[in-house]
Amino acid sequence: MEPDGELNPDTDDLPLRANTNHILVRHYVLDLTVHFERKVISGSVVLFLEPCCGVRTKAEDDTGPDAGEGPGTVEAGRSQDGFLCGFQDVDAIEDGTQGLGKTLTKMEKKFGAREREGDEFQALSRVGSQTAAETHNNNALHLWETTSDGDFTLVLDCCDLDVSKVEEVDVTSVSAMSGLSSEITSQGSGVSSVNPQAAFIQKLISLPSSRWRQKHQLFLLCSRAPGAEDGSSLHFHRDRWSLQVRKEGAVSPQEFPRAVRICYETSPTGGSVRWSKDQDNRVCVYTAGSPINNRALFPCQEPPVAMSTWQATVRAPSECVVLMSGEEQAVPIEDGHTRFSVWNYYVTMPMPASTFTLAVGHWCQVTAEIPPALERGVRDGTDCIKTAKSGAGSGEQTEAELVSGLESSSTEGVKGSPLQTGSGDQTTCLDSTFSYASLEDEGLSVTDYSSMMDDSVSCSHGDYPCRFTERSARSQRVIPHRVFGPVSLLQKAQTGVLKLLPRCLAAAHAILGVHPFPRLDVLIVPAGFSSLGMASPHIIFLSQSVLYPGTSGSGENSLSLCGSRICHEIAHSWFGLVIGARDWTEEWISEGFATYLEDIIWAQAQQLSLQETTEQSDLKALLRWRRLSDELQNSEEELQILRPNMENTGQVSDSGSSTVKHALNPDKTFMQVHYLKGYFLLRFLASQVGVQQFIDFFRLFVKKYHGQLILSQDFLRMLLMIFPDMERKGLTLSAIYADWLDRPGIPKWLYERSAVWSQARLVEEVKAESLPLSVSE
């Protein structure tokens, strides 16, 4: 079988090439510059790597082109430090690259290398660069082909990137690392004398969460260190879906460099970002999300098992706002005498690289009152948001400045109040920029069927500063939040989003408990956005389609679309982000849960009575039933299955590579079966145990599984354990699989229940009001 068989244009599966069973990226440091005139993002990413335990050498692991099939597949386990190594997708893949050092000769000859020297890339004219690039590509391909097939190969998910250089970073040149060297020596590690770079990085990765700020400062310092002393670049090769890197003589993950810098530039047509104009006709760029996620923004490990932290420095034109998934509000710094500002963001919770989100544009912050001058200022080119600039400078902290903060931060406790921001040890109060709300606490009755229902939380995830263990976070019903958008939509965003956001946040807290993230930005994205919303850590993209229309007499009901969509995206903070699917084909774990919780949270936000909640829920259920029924009648059966890998769900190849079944199928983009069929499965389960008891169970589940990746069976098994009467009535795990997850079509219960919904009082009222219109027409 050809090793590049998954690239057949007739298939619709997305390959995940990263060999995450061999080596994992634990931290990314990105240094990016946004060029609107060329529609590219240039810069570098430094990967801090950790080899997985129990990895065999190439000779032991060379299992041939069918290694990913049948018995060769494995279920993801746990890595060295105990982080969950769950996996996103799981088809038995047909790929000949599973072996550690497996050569990709056929693929290389087919696609060639795209390497170019950074200096050549910047200096050569566009007209003359083609010949030079082709010459360099041939040289790079020759170097790659002459490397030993016994050398270990780091495989990263990557597409539509021009990679100019890959090098090992000399972290031993960072003076601040001497402190870690002393710790390693005092602990009697024998690794330091053999491979000091590996010992330093391993110690840095293993620093406890109580030293997270010191850890991030050291990561940043290391990312700026020069290349290795020998000055030679690592050998690398790019094909359609991946970047492969080798170091001559490094035959195992343990011998491979632990810190690697990749210099690259995105493509104007890359699939991970959208270059567009906002509703004020001003340029902007934002990450697009699925189906290929961020592999066309930076080389990364896409599978969810590769949970990592990251920090990013982004340079953008000074008049722009940079929003990103990050735990604290960034304070822009002027970048010397350039016309750029520098924004810095970071996260301390390990998450899949697919959740990294970036948006850069001429957006304004929505405030309680829109100044008239701002309303008149559309397209006048003036800044519409006051940003804190710390004067002229390089836009970066020097090594001395960073080192000076290490001593004070090395003993810092777990991150406390989420209402503070800053860089290093500087702290800035956010009251002037974040919105807050003072709402009366609305209690949620909780049935005590487990000791887990008390306030104590026992975390099962790896070590990071977890909000679920912070007592202050438990009572924080409304997290700090901001809303951004183009000037022309500020009034609608103020009337709709800004008005509803605190109510929805408080309602979500009442239903699900602690907010997983300390802050939230909401951005009204350009008109070309392909969905109603998209949730990422700390930031939500909303379509202008959900905004309050602002017509006279429209009242509270016209806010329903906006409110329910906000609730849907907020629900993803719990299901989709802090709890993610270990297999990307199980989208229902994210979308089905968010659709179900959307109704619960929105009813709480409206403070509806039990009867009103039931009637509203039944009306929505009927509308969704009709939508699902129409979709299933007009779609391929294989696209209707919620668990398409069935009993192989959660399985990966020996190397960790896999495919996402049907991810590139254009029809799937417009389907809602994972939203709707998943929603109805949850309604069915709620009908078996009681709605309130089912909501209470959600809180139990979040307490147990936050910070982890799950499969359908994790949720269902815990449900059956908490409610044993379900199994005694014949509702077993295999029965749920058979009726709901592993088959196309509509389950019998749903057919029967739809007849009941069609007789509901509110439905009858809608029919009565619409009938005269039909007659008159």
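**A mixed sheet and the helices around it**

In this predicted model, five strands make up an open sheet with mixed pairing, arranged in the order 17-20-21-23-22. Two strands count as paired if DSSP finds at least two bridges between them. Strands (E, at least two residues) and helices (H or I, at least four) are DSSP runs, numbered from the N terminus. The edges of the sheet are strand 17 (364-365) and strand 22 (533-536), each of which pairs on one side only. Strand 22 runs antiparallel to strand 23 (residues 539-542), and four bridges join the two. One of the partners can be picked out by name: Ala535 is bridged to Ile540 in strand 23. Strands of a sheet pair through backbone hydrogen bonds, in either a parallel or an antiparallel way.

Residues are numbered from 1 along each chain as its sequence is written, and side-chain values use heavy atoms, with hydrogens and water left out. Because the model is predicted, local features need pLDDT of at least 70 and side-chain atom pairs count only at pLDDT 80 or more, while totals for chains, interfaces and linings use all residues.

Which helix lies across strand 22 and strand 23? Helix 14 (residues 560-571) does, running at about 145° to strand 23. Here axes are lines fitted to C-alpha atoms, for helices over the stretch in contact, and angles run from 0 to 180 degrees between N-to-C directions.

Helix 14 also meets helix 15 (residues 588-606): their axes come within 8 Å and cross at roughly 130°. That angle makes helix 14 oblique to helix 15; angles under 35 degrees count as roughly parallel, over 145 as roughly antiparallel, 65 to 115 as roughly perpendicular, and the rest as oblique. The crossing is right-handed, where right-handed means that the near helix is turned clockwise from the far one by less than a right angle, and left-handed means anticlockwise. Contact means heavy atoms within 4.5 Å, and the residues of helix 14 that meet helix 15 include Ser560, Cys567 and His568. Sorted by class, this contact has six nonpolar, five polar and two charged residues. Ala, Val, Leu, Ile, Met, Phe, Trp, Tyr, Cys and Pro count as nonpolar, Asp, Glu, Lys and Arg as charged, and the others, Gly among them, as polar.

What classes of residue does helix 15 bring together with helix 18? The axes of helix 15 and helix 18 (residues 691-705) come within 13 Å and cross at roughly 120°, which makes helix 15 oblique to helix 18. This crossing is left-handed. Phe593, Tyr596, Leu597 and Ile600 of helix 15 make the contact with Val691, Phe694, Ile695 and Phe698 of helix 18. The contact has eight nonpolar, no polar and no charged residues.

Elsewhere in the chain, strand 10 (residues 273-277) and strand 11 run antiparallel, joined by five bridges. Lys277 has Val283 as its bridge partner in strand 11. The two strands form a hairpin with five residues between them, and Asn281 in the turn has a positive phi of about 65°.

Charged side chains pair up too. A search of the whole structure finds 22 salt bridges, each a side-chain nitrogen of Lys or Arg within 4 Å of a carboxyl oxygen of Asp or Glu. In one of them, Arg295 meets Asp157 at 3.9 Å, N to O. This pair links distant parts of the chain, 138 residues apart: Arg295 sits in the loop between strand 11 (283-287) and strand 12 (308-317), and Asp157 in strand 5 (residues 153-157).
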